[in-house]
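Keep the sequence and the structure in view while reading.

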Amino acid sequence: RELLPLMAGLLRGDRAFAGYVAVKALVGAAEFSIPYFIVRVGALDDAPAGFVGTMTTVLLVSNMLAGKVMGWLGDRRGPRSILTAACASGAAAAAIALWMPNYLWGFPMFVLVSLASQGVYLSGSLAAIGYSHRVRTPLYSSVIGLVSSPVYIAASLLGGLLSKQIGLRAVFAAALAVYALCAVLSALPDRPRE
């Protein structure tokens, strides 16, 4: 009974945290596109045999490196900086997916996808620690997850519908718009704590 009012109190009492949570939740409306990047490279006419498997390996290695890069950024600049970098990377990946002239663009695209996905994930963990000031950190983490979950669920369903009804270009256009918006919003300075 006390949990939801306590969570709402955290959002009301810390405007900087509430701002971060709002942007993090909105990012869910772009992250639905991540599985579609592999579909995009699989649909390329000029891709050699086995290219999708190669891109899966690129994604695996890039995820490890992206985790290190985003962790380094977070240690120095905080969770909002990671979120900004992740959203900028996601926007760039979506732009490549929209306009890639040949299969070789799959390599930088997947590096950017890794930076986007790892950055969003790490920013949530660091935000819970940073905004909580190491007090009730699991509660802060729960707030981030609970507020973001409905957006992620709805975006996944709508993204599948968008892909089926209009096509992959619409998926990447939507992701580009949302990632770009979130990059701008997350780059704004934190509002002061009340």
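Just after helix α6, His-133 takes a positive phi of about 55°. Helices, like strands, are DSSP runs numbered from the N terminus: a helix is H or I over at least four residues, and a strand is E over at least two. This is a predicted model, in which local features need pLDDT of at least 70 and side-chain atom pairs count only at pLDDT 80 or more, while totals for chains, interfaces and linings use all residues. Residues are numbered from 1 along each chain as its sequence is written, and side-chain values use heavy atoms, with hydrogens and water left out.

Most residues other than glycine have a negative phi, and most peptide bonds are trans. His-133 is not a glycine, yet its phi is positive. Its place is the loop between α6 and α7. Arg-134 is found in the loop between α6 and α7 too, and Arg-134 has a positive phi of about 65° although it is not a glycine. Are these residues buried or exposed? His-133 counts as exposed, at 52% relative accessibility, and Arg-134 counts as exposed at 66%. The cut-offs are these: buried means under 20% relative accessible area, exposed means over 50%, and partly exposed lies in between (1.4 Å probe, protein chains only).

The expected span is 1.5 Å times one less than the number of residues in the helix.

Helix α8, residues 168–187, can be read in the same terms. It has 20 residues and reaches 28 Å from its first C-alpha to its last, close to the 28 Å expected. Which residues of α8 are buried? They are Ala-170, Val-171, Phe-172, Ala-175, Val-178, Tyr-179, Cys-182, Ala-183 and Ser-186. An α-helix has 3.6 residues a turn, so residues three or four places apart point the same way. The cover over the buried residues of α8 includes α2 (15–31), α3 (34–42), α5 (79–99), α6 (106–132) and α7 (137–165).

Ser-33 lies in the loop between α2 and α3 and counts as buried, at 0% relative accessibility. Leaving out residues up to four places away in sequence, Ser-33 touches Val-171, Phe-172, Ala-175 and Tyr-179; contact means heavy atoms within 4.5 Å. Trp-99 is found in helix α5 and is exposed, with a relative accessible area of 55%. With residues up to four places away in sequence not counted, Trp-99 touches Arg-169 and Leu-176. Trp-99 and Phe-172 are 73 residues apart along the chain, and their C-alpha atoms are separated by 9.9 Å.

At 3% relative accessibility, Asp-14 counts as buried. Asp-14 and Phe-37 are 23 residues apart in sequence and 36 Å apart in space, C-alpha to C-alpha. Phe-17 is in helix α2 and is buried, with a relative accessible area of 0%. What does Phe-17 touch, not counting residues up to four places away in sequence? Its contacts are Leu-10, Leu-11, Tyr-131, Tyr-140, Val-143 and Ile-144. Val-69 is 52 residues from Phe-17 in sequence and 24 Å from it in space, C-alpha to C-alpha.

Now the whole chain. It has 8 helices and 0 strands, and from the N terminus on its elements run α-α-α-α-α-α-α-α. The radius of gyration is 17 Å, close to the 16 Å that the globule rule gives for 194 residues, so the chain is as compact as a globular protein of that length. This radius is taken over C-alpha atoms, and the globule rule is 2.2 Å times the number of residues to the power 0.38. Along its principal axes the C-alpha trace spans about 55 × 35 × 25 Å.

Buried residues make up 43% of the 194 residues. Of the contacts with a separation of 6 or more, 81% are between residues 24 or more positions apart.
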